[in-house]
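Subject: Structure handover and notes

Hello,

Please find the structure for your files below. My notes on it follow.

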Amino acid sequence: MRYYFIVLSIFILLSSTEYTYSEEYVTISGTISDATTGETLIGAVVRLKELPSKGAIANKYGFYSLQLNQGEYHLSVSYVGYQKYEQKLKISSKLSLNIKLKAESTLTGEVVVVSERDNYNITSTNIGIEKISVADIETVPILFGERDIMRTLQLTPGVKSLGEGNGGMYVRGGDNSHNLIMLDEAVVYNANHLLGFFSTFNSNVIKDVTLYKGTSPAEYGGRLASVLDIRMNDGNNREYKVGGGIGIISSKLEVEGPIVKDKGSFLIAGRRTYADLVYNAIAGTDNYLYFYDINAKANYSVDDYNKIFISGYTGRDAIGMNERFGIDWGNITGTLRWNHIWSHNIFSNTSLIYSDYDYKVKILNDANEFSISSVIKNVTLKQDFEYFINTDFTLKFGLNSTYHSIIPGQVEFTEDVDINLKSLENKNGLENAIFISSIIKPSALLTLEAGFRLNFFNLLGPGIFYNYDQSGSVIDSSYFAGDQNVQSYINLEPRLNVSYILNEYNSLKIAYSRNTQNLHLISNSTSSTPTDLWIPSSQNVKPEISDQISLGYFHNLMDNTYEISLETYYKYMLNQLDLKNGAEIRSNEYIEGELLNGDGRAYGLELMIRKKFGNLTGWLGYTLSRTEKLINGINSNNWYPAKQDVTHDISLVGIYTLKENWTLSATWVYNTGNAVTYPSAKYLVNGNVQFYYTERNASRMPDYHRLDLGATYILSKGDSFESSLSFSIYNAYGRKNAYTIEFEVDPNDSNKTRAVKTYLFTFVPSITYNFKF
Amino acid sequence: MKIITIILTACILCVSCEEIIDVQIASSLNQLIIEANFDVSNNEAKVLLSRTIGINETNSYPLISGANTTISNENQGEFILKELSSGVYTNQEISTNVGDKLKLTVVSEGKEYTSYSTVPRFVKFDSLIVRDAKFSGMGPKDQGKTYDITVIFNDPPSELNYYRFIESINGVAINNNFVYDNTISDGLRSEIKLFRRKRQYESGDTIMIEMQCIDKPAYEYFKSFGETMGGPLNSSSATPANPKTNIVGSTIGYFNVHTSEKKTVIIK
């Protein structure tokens with residue numbers, strides 16, 4: 001309650017200062033949206049000809065607010081892919097101005113209005129941020145032709161994947177579990193379908209994707225490495241639309257339309273794969289392997305000052321074999337939001353969020369059946385305020401309260417089954433945070449975004465909690481009741497971004513941030529599996545902490561057609577966890593005694609050259625980096641490369657518009673093989689050949705490279721019916737990239753040992769039909 | 001649960017291919033391997049000393065002669081193990097009682113290695129059941145008949161007990177370390193299925209299961225032995241590492257003082 005009081009006091013204090021400005025300033029505010037669909041446009045730039053260094057950016061709900069002296073202005077609004085909006089205004093009092101932008105069109109016969117080539121990347125404080133446009137996602141060729149946000153993001157510098165079959169996203173040396181992945185503000189714990197071949201996000205219904213890999217704004221917290229903020233479309237509030245796609249392994253359909261024209265809309269979308277049906281038909285098996293997901297959203301504008309959103313997601317994967325074995329898993333999220341505008345220059349959003357991830361493993365063993373299920377879920381209440389004090393000063397503040405509960409493993413079995421597993425106690429935690437951050441422009445050239453987040457974590461009962469000695473053996477245990485605090489941690493997380501504009505085409509930026517994480521992923525495999533175990537911070541497990549400093553130089557060429565950025569970062573991580581050799585993580589109530597603790601460090605250089613306009617668009621990304629760990633008890637307590645340590649990483653993406661109805665695209669990726677532990681000798685024990693290991697991760701997988709090609713042919717385009725065919729070839733030159741390398745006794749000569757490389761995909765063609773009416 | 005990861009990946013591997021590759025590996029220095037077993041039921045102590053060789057070398061593991069090998073018991077003093085053949089050291093005269101802490105000392109080429117292991121209580125191996133498996137393995141269309149093995153014994157109450165089972169076919173031990181503790185079955189009649197994928201036998205095969213009661217450090221060695229050897233999934237299983245040895249001075253090998261009881265079944 002104390003935190004709420006503090007935030008409320010700040011709010012009242014700030015509100016009361018408003019009169020100081022009201023004498024001299026007037027406010028223009030409103031929402032920027034698409035003229036055809038009514039979708040709000042996140043990040044649209046509002047500028048004034050008379051005050052070139054001032055301006056406003058539409059927030060995550062498309063809202064902008066400007067404080068100006070009374071007078072006449074030329075106001076312009078621009079957004080990539082849209083025609084520039086211009087209006088002359090005479091402002092004498094508060095003004096509500098909702099702006100609708102028209103999409104840029106390349107249809108023959110129409111006048112082509114080129115969108116403004118903005119230099120926002122130079123002037124903003126954005127450093128270490130990747131924004132992927134929906135257009136990029138639609139054209140970049142992807143495995144099985146399934147458009148995918150995560151796979152497209154992995155083509156940008158500093159964001160790595162570890163190849164096929166590993167859904168992990170590794171941002172600037174962080175682990176996969178260090179990413180805060182949110183869909184409409186709800187945490188998505190497992191962002192993968194089918195063990196990482198696809199992400200859980202249906203790109204057809206995504207409006208905005210922002211990845212913060214450097215300093216994330218103070219409103220985000222809870223993970224070390226990155227924040228991936230994904231926002232769903234709101235739905236067309238002007239007319240009903242149906243869209244969809246039919247592909248070789250999956251199909252999807254979405255329906256959207258107005259609830260009340262111009263005031264409210266809904267959207268519902270679903271997708272389902274059917275690759276297993278094809279496979280079973282060919283191979284004559286009765287295995288299953290599929291996923292489906294459903295996105296739904298509705299919004300309603302009560303009046304100009306109040307808007308309500310409700311959105312949800314549910315998805316499920318299932319894999320099983322011959323009624324012997326089955327596993328299914330999925331996320332459920334729900335978000336209820338209320339936007340409120342207070343006196344034209346204070347925007348508030350209140351969100352009530354639910355998020356849940358669970359899995360269930362079933363094994364049929366003779367006549368007996370047993371299952372293990374596990375759930376991690378949270379309920380969050382979030383209150384954010386944005387206060388546009390004047391064009392040089394914006395304040396954001398708010399609070400966040402999350403109740404976490406983890407059911408780590410519920411075991412159920414039929415009688416007389418001999419499985420040595422038992423159910424574990426549930427874990428509960430309360431995480432509260434308050435944050436404040438401000439964007440200040442002390443001069444036309446200098447912008448500061450400074451803030452902090454104060455995070456309070458409480459591990460709560462009920463349950464038995466253990467203390468361990470150095471060797472990991474239990475010393476004692478104590479019982480805590482349901483409302484008792486077992487352990488608490490308070491962390492202050494400062495965040496700072498500074499940008500200095502050298503001139504219209506050059507800027508320098510520097511950023512520092514601290515992040516902490518109180519939920520820890522324990523995994524004894526290097527890929528993300530559906531059965532990952534999360535544990536909260538406790539007496540034995542301290543919050544993970546990272547400090548990152550980054551420096552960037554931003555340069556635009558040829559009237560902002562080319563954007564070049566060069567960023568370097570150094571990150572140090574504390575309280576990193578690893579497992580002891582042979583640790584059992586399933587059904588182990590003493591799991592905390594199996595953990596090893598240490599530090600991590602990561603540093604690198606990221607180059608991005610992006611061409612945003614013209615017939616040929618795309619980018620070249622290059623990352624030079626190193627990621628190392630120092631874990632007490634591993635590698636003789638010396639630094640060693642983390643598995644995601646990849647020295648060179650290159651991505652080249654090209655999209656070419658050929659005539660009006662053909663779009664061609666190509667991507668080429670190259671990276672140094674990731675770090676692995678190969679045996680350094682062999683020996684005989686109990687009559688069997690065994691391998692001997694020395695240094696951790698001292699070897700390298702072979703280099704990875706791949707070319708993907710894509711083409712989209714627009715069959716018809718217009719208001720009534722749009723359709724297109726997309727063709728793609730994954731791994732066009734059939735590179736046999738290693739999935740695993742294993743050592744085994746040569747079956748042809750038992751005196752020899754050989755290395756076997758397993759590779760997954762060479763040359764996968766696909767075709768997808770997309771439509772919208 | 002490792003098996004689940006294997007199955008999951010096996011599903012994906014339906015679309016995979018394999019090829020043999022050359023991997024250049026810098027070999028580490030030769031390491032001494034100590035395999036020390038003391039079967040207290042038959043009063044037989046046996047220590048095998050050998051060396052590691054390079055991965056690409058032909059399997060011929062040098063045995064180490066001329067080491068001083070002793071086992072000492074606090075109450076009874078020190079016993080020397082005689083070198084029976086090259087690298088094999090034995091003694092059949094060491095008497096022990098349950099709970100005795102035995103110390104193994106090996107001095108080879110000027111380096112001393114030590115380890116401790118405690119004499120465990122004998123638990124009777126009640127019965128062995130070998131039967132047809134309904135759950136026959138993974139992958140599309142398994143061929144042939146597979147078997148399940150279940151072992152039954154009564155766990156003594158109110159103490160920590162650790163068990164190891166060794167499966168042999170026609171006198172050859174299969175590379176599996178079935179180890180269990182009694183944390184959830186303390187004092188209960190235990191029926192444990194020795195889980196192994198695609199267990200196939202031929203008619204006439206002699207199947208022998210040896211039950212050993214072992215101590216905690218040995219249990220941890222065999223348990224980690226099973227879990228850390230890399231397995232078939234180098235990139236998605238646990239990072240491979242050496243098993244958790246209980247020998248001071250070495251990074252590999254073990255000293256296991258155990259009971260022994262064997263049961264045999266002939267496949268019809």
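Which residue in β21(A) does Phe266(A) stand opposite? The residue opposite Phe266(A) is Ala298(A).

Some conventions before the rest. This is a predicted model, so I kept local features only at pLDDT of at least 70 and side-chain atom pairs only at pLDDT 80 or more, while totals for chains, interfaces and linings use all residues. Residues are numbered from 1 along each chain as its sequence is written, chains are lettered from A and ligands numbered from 1 in the order in which they are written, and side-chain values use heavy atoms, with hydrogens and water left out.

Strands here are DSSP runs of E of at least two residues, helices are runs of H or I of at least four, and both are numbered from the N terminus. Two strands count as paired if DSSP finds at least two bridges between them. β21(A) also pairs with strand β22 (residues 306-321) of chain A, again in the antiparallel sense, over 15 bridges. In that pairing Tyr300(A) has Ile308(A) as its bridge partner.

An open sheet of three strands has the order β48(A)-β49(A)-β1(B), and the pairing is antiparallel. Its edges are β48 (738-745) of chain A and β1 (17-21) of chain B; each has a single partner strand, so one side of each has no neighbour in the sheet. On average, neighbouring strands of this sheet are turned by 30° against each other, direction ignored (axes are lines fitted to C-alpha atoms, for helices over the stretch in contact, and angles run from 0 to 180 degrees between N-to-C directions). β48(A) and strand β49 (residues 753-759) of chain A are joined by seven bridges, and Ala738(A) is placed opposite Tyr759(A).

Strand β11 of chain B

In strand β11 (residues 147-154) of chain B, seven of the eight residues are buried (buried is under 20% relative accessible area, exposed is over 50%, and partly exposed lies in between, with a 1.4 Å probe and protein chains only). Strand β10 (residues 125-132) of chain B pairs with β11(B) in the antiparallel sense over seven bridges, with Ile129(B) opposite Thr150(B). β11(B) also runs antiparallel to strand β15 (residues 189-193) of chain B, joined by five bridges, and there Ile152(B) stands opposite Glu191(B).

Leaving aside neighbours within four places in sequence, Val209(A) is in contact (heavy atoms within 4.5 Å) with residues including Ile137(A), Ile149(A), Leu153(A), Leu228(A) and Ile230(A).

Asp208(A) is in strand β16 (residues 206-212) of chain A. Asp208(A) is buried, with a relative accessible area of 5%. Its side chain makes polar contacts with those of Lys131(A) (3.1 Å) and Thr210(A) (3.1 Å). A polar contact is a pair of N or O atoms within 3.5 Å; within protein, one must be able to donate a hydrogen and the other to accept it, and residues adjacent in sequence count only if both atoms are side-chain atoms. Ile42(A), 166 residues away along the chain, has its C-alpha atom 7.2 Å from that of Asp208(A).

Two further sites

Asp547(A) lies in strand β35 (residues 544-557) of chain A. Its side chain has polar contacts with those of Tyr512(A) at 2.6 Å and Arg514(A) at 3.0 Å.

Ser161(A) sits in the loop between β10 (159-160) and β11 (170-171) of chain A. Ser161(A) is partly exposed, at 26% relative accessibility. Beyond neighbours within four places in sequence, Ser161(A) is in contact with Gln154(A) and Gly168(A).

Regards
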